[in-house]
Amino acid sequence: MSASSDDARFMQEAIRLGLLHLGQTSTNPSVGCVVVRDGAIVGRGTTAVGGRPHAEPQALAQAGDLARGATAYVTLEPCSHHGKTPPCAEALIAYGVARVVISVTDPDTRVSGRGIAMLRDTGIEVDTGVLEKEGRRSLAAYLMRQTKHRPYVTLKLAISADGMIGKAGEGQVAITGPAARAEVQKLRAETDAILVGIGTAIADDPLLTVRTAGQEARSPIRVVLDHDLSLPLESKLVKTAGDVPVIVVAGEPPLFDNSEDDDFAGRRAALDAAGVEVVQCNPYRPDELLPALASRGISSLVIEGGAKTARLFLEAGLVDRILLYQGPGTIGAGGIETPVTKADMPSGFAHMGTFTFGDDRLDEYEREF
């Protein structure tokens, strides 16, 4: 619908609130809600860390008696079913709001349209589709898992001025500066899981946690594609699996002879003992892997390394957003060529903007779904 300037302004604030807890609300979406009376916001709410309470009851409680006759702006259709908490639609009705403005209709079959019907059946005016494009972007991970039964996938690459993402045999190579790296930490903190291939896990021995002070608890689940269970027990990932979850995606055990079977079983037992979850599913089939991750409550996934893993997901058509960080330095001989550049972006991706972080540049691309 065509939103009025006031509707757009208040919905934008609801969307901003919803973004605050990205990656922290478990399988629930991070929703934002504002309650407005006489042109002023009297209540604000964001889905709480862990997924409950929802945004609407928090905003309504803050508004109190001022909610009666007010307008509530919410990024996602209010829930209409009884789960671990009462329906948000019932809360809006009980507080006596006169109007509810919704950005995105919930695709969850327990809700889809029912929340809107509940509100309208009691005489509440309901408008939908206000800033829907922006609302869908803010809820992309939740919507992807609900509609496609897989996580929303972001590919993040740091590229040198000569088109390289690393140097063979040298482990981690600093391509971008501190400002860009801080932005990557923010990305990790908003994401459910982060994925690398076994080559990167061995060569770089990364932690893949959030290193921003005070944000360490927001570290994502670490996922490694490791067909033969080659991840070293002394790696940082394995040693910290008891603090931040690690999932290793392995293929089926070898079928050649008993000694190889025993080796595989032994490596798996050692990883199990270290607290690593081993998932046996073809690590070279993203179409099989992603639903397996979604079944574990993972709605958003960032791919951070390396080139082979990036190509695997790109060729499968299972990347939804691409973040290209460009540094000013060069790598030269022995460099590992980037799997994608601005000049050869896959079809279907739209350029969403260019941002600068110190001497570095970020170009963001998204695919509509």
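This report walks through a few strands, helices and loops of a predicted model.

**The five-stranded sheet**

Let's start with an open sheet of 5 strands, which has the order β2-β1-β3-β4-β5 and mixed pairing. At its edges stand β2 and β5 (125-128), each with a single partner strand, so one side of each is left without a neighbour in the sheet. On average, neighbouring strands here are turned by 15° against each other, direction ignored. Look inside the sheet and you'll find β1 and β3 paired in the antiparallel sense, over 4 bridges. Val35 stands opposite Ala72 in β3. A helix joins in too: α4 packs on the sheet and touches β4 and β5, with its direction at about 150° to that of β5.

Now for helix α3, which covers residues 88-95 and has Cys88, Ala89, Ala91 and Leu92 buried. How do those buried residues fall when you look down the axis of α3? They sit within an arc of 160°, so they line one face of the helix. The buried residues of α3 pack against α2 (55-63), β3 (71-76), β4 (99-104) and α4 (114-121). After α3 comes Gly96, with a positive phi near 80°.

Let's zoom in on α2 and α3. Two packed helices are described by the angle between their axes and the distance between the axes. For α2 and α3, the angle is about 20° and the axes are 8 Å apart. An angle under 35 degrees counts as roughly parallel, and α2 and α3 are therefore roughly parallel to each other. The way α2 passes α3 is a left-handed crossing. If you want to find the meeting place, look for Glu56, Pro57, Leu60 and Ala61 in α2, which meet Cys88, Ala91, Leu92 and Tyr95 in α3.

Next, find strand β10, residues 246-250. All 5 of its 5 residues are buried, so β10 is largely enclosed by the rest of the structure. In a regular strand the side chains alternate between the two faces of the sheet. You can see this in β10: Val246, Val248 and Ala250 point one way, while Ile247 and Val249 point the other way. β10 has these two pairings:

| Strand paired with β10 | Sense | Bridges |
|---|---|---|
| β9 (residues 221-225) | parallel | 4 |
| β11 (residues 277-280) | parallel | 4 |

For β11, Ala250 stands opposite Gln280.

**Two buried loop residues**

Loops can hold buried residues too, and here are two. Gln24 lies in the loop between α1 (5-19) and β1 (32-37). Its relative accessible area is 17%; Gln24 counts as buried, because the cut-off is under 20%. Gly51 belongs to the loop between β2 (40-46) and α2. Gly51 is buried as well, with a relative accessible area of 0%.

Which residues does Gln24 touch, leaving aside its neighbours within four places in sequence? Gln24 is in contact with Ala48, Val49, Gly50, Gly51 and Arg218. With its own neighbours within four places left aside, Gly51 is in contact with Gln24, Thr25 and Asn28.

Technical notes
Residues numbered from 1 in each chain as written. Predicted model: local features only at pLDDT ≥ 70, side-chain atom pairs only at ≥ 80, totals over all residues. Heavy atoms only, no water. Buried < 20%, exposed > 50% of the residue type's maximum accessible area, 1.4 Å probe, protein only. Pairing = 2+ DSSP bridges. Arc of directions from axis to C-beta. Contact = heavy atoms within 4.5 Å. Axes fitted to C-alpha atoms, helices over the stretch in contact; angles between N-to-C directions. Parallel < 35°, antiparallel > 145°, perpendicular 65-115°, else oblique. Left-handed = near helix turned anticlockwise from the far one by under 90°.
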